[in-house]
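Please walk through the structure below. The account goes from the chain as a whole to one spot on its surface.

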Amino acid sequence: MKSLNKTLAAVALSLVAAGSAFAGDAADDLSNRTPFAGSLTRAEVQADYFAAAKNGPLVTEAFVFAGNTVPQGPSRDRAEVRAEAVQTTRTHVVHELMM
C-alpha cells in the first residue's frame with residue numbers, strides 16, 4: 001500500500017511539473033510579440049466606417065474574388081427533383097457518367 005501511495009505521489013508531482021513547463025512556454029510566445037499601436041483614434045476609425053457604409057455596401061468577407069459567386073442556372077421544381085431521386089434509387093445510378 002505504501003508503494004502505491006509513493007507511485008501516486010510521483011505521478012502527481014510529474015503532472016504538476018509538466019503543467020508548469022507548458023505554462024512557461026505560453027508566456028514565452030506572448031513576450032516575443034511586438035505591441036501594435038494604431039495611428040488612428042477609435043473615433044476616427046468609426047467615422048471612416050460610417051462614411052464607407054453610407055457610400056455603398058461594405059465587403060464583410062475577407063475571402064472575396066470573382067470566382068466566389070454561386071452559379072445561377074435554371075431552377076427545377078420540387079416534383080422534378082423528387083422524380084430524379086426516385087429514379088436514382090431504383091436504378092442505383094447517381095449520374096449518367098458513373099455507368
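Of the 99 residues in the chain, 0% are buried, where buried means under 20% relative accessible area, exposed over 50% and partly exposed in between (1.4 Å probe, protein chains only). The chain exposes about 9,700 Å², with 62% supplied by carbon and sulfur atoms; areas are from the Shrake-Rupley method with a 1.4 Å probe.

This is a predicted model, in which local features need pLDDT of at least 70 and side-chain atom pairs pLDDT 80 or more, while totals for chains, interfaces and linings use all residues. Residues are numbered from 1 along each chain as its sequence is written, and side-chain values use heavy atoms, without hydrogens and water.

The chain has three helices and zero strands, counted as DSSP runs (H or I, at least four residues, for helices; E, at least two, for strands) and numbered from the N terminus. The average pLDDT, the predictor's confidence in each residue from 0 to 100, is 75 for the chain, and 64% of the residues score at least 70. Confidence is lowest in helix α1 (residues 2–31), at a mean of 66, and highest in α2, at 90.

Y49, F50 and L58 form a nonpolar surface patch with about 320 Å² of accessible area together. L58, in the loop between α2 (42–55) and α3 (78–91), is partly exposed at 33%. Y49 is partly exposed at 47%, and F50 is exposed at 53%.

Terms used. Patch = residues over 30% accessible without salt bridge, like charges linked within 9 Å, V, L, I, M, F, W, Y side chains within 5 Å. Salt bridge = Lys/Arg side-chain N within 4 Å of Asp/Glu carboxyl O.
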